[in-house]
Amino acid sequence: MALAGALAVPAVSAETYTIDPEYTAPSFEISHMATTTLHGRFNKTEGKIVLDRANHRGSIDATIYTNTLDMSSPAWTAHMLEPELFNVEKYPVATFHSDNLVFSGGVPVAAKGELTIVGMPVPITLKITGFRCVKERCFANATTTLQRSRFGMTKYTEEVSDEINVQVPVAAFKN
């Protein structure tokens, strides 16, 4: 009996969630001419989130379709999609991968991972706030600040700042 108990497989506590593409829309703010703030948003994101809250572990795999960028102006949008910036013809997606979720009080408060934009992987940390699960859905906000030059986006540095503030409202359905 003791041997049977020792060989028993422990219960799996990880839960898998699918990112809701209707709700999850990464957006950003960037300074233009050191006077105004431009806003952009990516209209399609998909992926998976695995949460093991009991063991304070998890992962995130997300795909952001950069070719869905919306700058609220057709001219600005077309400009941002050009080869010297998001180069969406060659790189129609950006990806984020993290196997390192940081927990506090049983909830994730950060995700340390790698963001790849225009084929350039860069380590980043997303700060997670407002994490809450209701029934079969989880919600949170993720934020970070990026330097576009780390992704090789160095064009127009006189007009547009290197620093980009990123906000991502996230919703995910339990599988």
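**Figure 1. The disulfide of the predicted model.** One disulfide is counted under the criterion of a pair of cysteine sulfur atoms within 2.5 Å. The bond links Cys-133 with Cys-138, at an S to S distance of 1.9 Å. The link of Cys-133 and Cys-138 is right-handed, with 95 degrees about the S-S bond. Cys-133 is classed as partly exposed because its relative accessibility is 27%, whereas Cys-138 is buried, with a relative accessible area of 7%. Buried denotes under 20% relative accessible area, exposed over 50%, and partly exposed in between, for a 1.4 Å probe and protein chains only. The structure is a predicted model, in which local features need pLDDT of at least 70, side-chain atom pairs count only at pLDDT 80 or more, and totals for chains, interfaces and linings use all residues. Residues are numbered from 1 along each chain as its sequence is written, and side-chain values use heavy atoms, with hydrogens and water left out.

**Figure 2. The largest nonpolar core and the surroundings of Phe-86****.** A nonpolar core is a set of buried Ala, Val, Leu, Ile, Met, Phe, Trp, Tyr and Cys residues joined through side-chain atoms within 4.5 Å. The largest such core holds 42 residues, of which Phe-28, Ile-49, Phe-86 and Ile-117 touch the most other members. Strand β11, residues 160-174, makes the greatest contribution to this core, with six residues. Strands are DSSP runs (E, at least two residues) numbered from the N terminus. Setting aside neighbours within four places in sequence, the contacts of Phe-86 include Phe-42, Leu-69, Met-80, Tyr-91, Ile-117 and Met-153; contact means heavy atoms within 4.5 Å.

**Figure 3. Gly-40 in strand β3****.** Gly-40 belongs to strand β3, which spans residues 36-42. Its relative accessible area is 4%, so Gly-40 is buried. When residues up to four places away in sequence are not counted, Gly-40 touches Pro-26, Ser-27, Phe-28, Leu-69, Asp-70 and Met-71. A separation of 10 Å lies between the C-alpha atoms of Gly-40 and Asn-165, which are 125 residues apart along the chain.

**Figure 4. Ser-98 in strand β7****.** Strand β7, residues 93-104, contains Ser-98. This serine counts as buried because its relative accessibility is 0%. A polar atom of the Ser-98 side chain lies 3.1 Å from the backbone nitrogen of Asn-100. Beyond residues up to four places away in sequence, Ser-98 touches Gly-58, Ser-59, Ile-60, Ala-111, Lys-112 and Gly-113.

Note on methods. Helices (H or I, at least four residues) and strands (E, at least two) are DSSP runs, numbered from the N terminus. A polar contact is a pair of N or O atoms within 3.5 Å; within protein, one must be able to donate a hydrogen and the other to accept it, and residues adjacent in sequence count only if both atoms are side-chain atoms.
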